[in-house]
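Good morning, and thank you for joining this group meeting. Please have the sequence and the structure open while I speak.

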Number of protein chains: 2
Amino acid sequence: MDKLKIGLIGLGTVGTGVFKTLAGFDNVEIVKIAVKNINKPRAVEVPSTMMTDNPFDIVNDPSIDVVVELIGGVEPAWDYISTAIKNGKHIVTANKELLAKKGEELFNLAEEHNRVVLYEAAIAGGIPIIMPIKTILAGNKINKIQAILNGTTNYILTKMDVDGASYEDVLKEAQALGYAETDPTGDVEGFDAAYKITTLATIAFKTRIKIENVYREGITNIRKEDMAKANELGYKIKLIASATIDENNNADVRVHPMLVSKDKMLAHIDYVTNAVEMSGHPIGDIVLSGPGAGEFPTASSVVGDILAIAAEFGKTDYMLPMMRCHHDSKAMPVKIEDTFNKYYISITAPNALGIIAKIGTICADKNISLSSILQKGVSEDNTADIIVITEKCQEKLIKEVVSELEDCIVTSIIRVAD
Amino acid sequence: MDKLKIGLIGLGTVGTGVFKTLAGFDNVEIVKIAVKNINKPRAVEVPSTMMTDNPFDIVNDPSIDVVVELIGGVEPAWDYISTAIKNGKHIVTANKELLAKKGEELFNLAEEHNRVVLYEAAIAGGIPIIMPIKTILAGNKINKIQAILNGTTNYILTKMDVDGASYEDVLKEAQALGYAETDPTGDVEGFDAAYKITTLATIAFKTRIKIENVYREGITNIRKEDMAKANELGYKIKLIASATIDENNNADVRVHPMLVSKDKMLAHIDYVTNAVEMSGHPIGDIVLSGPGAGEFPTASSVVGDILAIAAEFGKTDYMLPMMRCHHDSKAMPVKIEDTFNKYYISITAPNALGIIAKIGTICADKNISLSSILQKGVSEDNTADIIVITEKCQEKLIKEVVSELEDCIVTSIIRVAD
């Protein structure tokens, strides 16, 4: 049997896991690996003849069948991948940013050259999600996703909750442990999760979602006081990537912190674990959870994609038909101001007297119902800390409420998951 | 495009869901449906020319490409399916009993005739599990499964927990609501879960598990008192289907009630929801959960299988290579007496004086450590109710402990999940 010949671009954490895992399979063979620095010591023993510091040695090598791209970022990854496809290679990638920003171009190019692009590892690490949606769940119309897709922020939020610590303190600790990067922006500001939900919603909804239509807020403003209050009210705070689509193709896709009721499974997804909750017809609701990152979990997904190609390679003219992506862009974006949500609002009122009545009146005037109010006493200086949770109402009305609470300080507004 | 021609055997709950769902796809077409009584009123409108009361009209019809078997049980289903395969048809089935009892014969026959047998709906209803294990998780060596695979028993145990009600009372209610059958034996004695874990472990471990080697206990002896005590100690009681395999191919596969710590996700899988937790390398731990039964969730899996066949039908000589099953029987069964478990033991001691010391001595003599002991006072008649939870020890030793507690009544012994 001819072995499927693999060229690997990138031998970092995930690449190393892929290298180790593929050693157990005799129908695939890594023939070349491109790295930045071929002299750097590696956790795996790679024959020096296999190494190159020029990825074009891989994408232009006629003997290579599949290029596995594990370097991330748009450029130069796009240059390598697009060249590889034009050279007749199939692609396996973990590059969520490239998929979110160049997905349409990428899949069109791949179809033009009758090549497959698989990317299970790009979304939710080891959790089987892309292939299940495209194969065994293909009979469904999925219309809602709520997911925890970023391990770093989930780790930080979990530690803030468990230790009662501040965002800043936990971030430092997470950086020391290697769970957060020196520049944590991509994770803590929600970019990583936004890339992932863009692609996940595109394949689940079978219509292309554009990254520029994904609303995004990070976790840097979450206070330890909010964690404590949320707990008291029966919630956890999580960075939720969500997407819904209605019958008219209005797609509401976003990433922001949310209060999640402890009754829901997502509230119990802790530390670096990821989870994806999906609803649709005929399936109903399912939740898939597991490790969202890491050497081996991510390698599981990369290797799964490689083995899927290996199983059909050379046996049919049109491989893996269910795994192809050709989505048009029918979805209409929904502006965050127009969405309806429940809100957690934390208020510090300088004058405790009559403040509840005032809040109640402002909300009632806008037809906003309140589901919870929490005030514990009054400070010596006559200020009061108040937490309000609203029923569902339009985002723009909440902004009006806040502006009308002139003499109060609104310390936090966090959306609450259904 | 030629449509894939489907023959449906069975038009009950699931069959009706499949009929409705397939209506949305233009690449497949149901051409014939076999039912017991063609005059019975149906929830869907089926042209009478499409109906037959003779399944052989389907399995012998040369125009049919795929036979979907939804009647369950070994015979006559095996007769229909084996005839269909010999007649060159692919099979989609939800028949867990047939798979567990005739799996080897079934898959050998299918390979002999180069036909595929897909059965996503047979295990855990709508949860994507079989196809993910065989495709995207193919790079893994899975070595442990803990799962809730039977909706009826999970409903009963959840209701016992929530309502503080007895098994008998909840069973009656579940029967009235249609969640339990008039003869509930197949569910409450663990047969249904045993069928499912047999097939699930076979494909996850890539070695055939024999149903006769699967240890099985049902939930009929679970008392509401055990539910209450388990709760107090931080556990829920669930009917767990479990399977582990070690490096020497010793496979320990079983179905029995277990105390599951509230720290674990399985403890929070309630009512008719199912869940499968799997561990392996490189993936780590994942949990997949969702509706374990019902018209639409099960239809999702049946339709997913049909669409997978439709996608490759006629395009290759060897369809869906990753979905094929040829497992040898290398696994060595492990006897329940030889397994190591933690145990919850509920004891009524007629003479409270010195009973804790006695239990402690009997266990210490056998090197069994205790992790929890719960005794709340002494009754007026000097009896005491005591709960003990042990550390891991061999099952045969626990039987000795029980026999040495001569003057006590051991009211329950329930294994405790790791």
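This is a predicted model: local features need pLDDT of at least 70, side-chain atom pairs count only at pLDDT 80 or more; totals for chains, interfaces and linings use all residues.

The contact involves 11 residues from domain 2 of chain A and 12 residues from domain 3 of chain A.

Which elements give two or more residues to the side of domain 2 of chain A that touches domain 3 of chain A? They are α10 (224-232) and β10 (250-261) of chain A. The largest share of this side, five residues, is provided by β10(A). Sorted by class, the side of domain 2 of chain A that touches domain 3 of chain A holds six nonpolar residues, four charged residues and one polar residue.

Domain 2 covers 130-291 and domain 3 covers 338-416, while domain 1 is made of 4-123 + 295-323.

I now turn to the two chains. Chain B is superposed on chain A by a rotation of 180 degrees, with 0.0 Å of shift along the axis and an RMSD of 0.0 Å. This is the relation of a two-fold axis. Which C-alpha of chain B is nearest the axis? That of B:Leu288, which lies 2.2 Å from the axis.

Finally, why can we say that the copies meet through the same surface? The reason is that 100% of the interface residues of chain B are also interface residues in chain A.

Thank you for your attention.

Key: Residues are numbered from 1 along each chain as its sequence is written. Chains are lettered from A and ligands numbered from 1 in the order in which they are written. Domain bounds come from an automatic or database domain assignment. Two residues are in contact if their C-beta atoms, placed from the backbone, lie within 7 Å. Helices (H or I, at least four residues) and strands (E, at least two) are DSSP runs, numbered from the N terminus. Ala, Val, Leu, Ile, Met, Phe, Trp, Tyr, Cys and Pro count as nonpolar, Asp, Glu, Lys and Arg as charged, and the others, Gly among them, as polar. Copies are superposed by least squares on the C-alpha atoms of residues with pLDDT of at least 70 in both.
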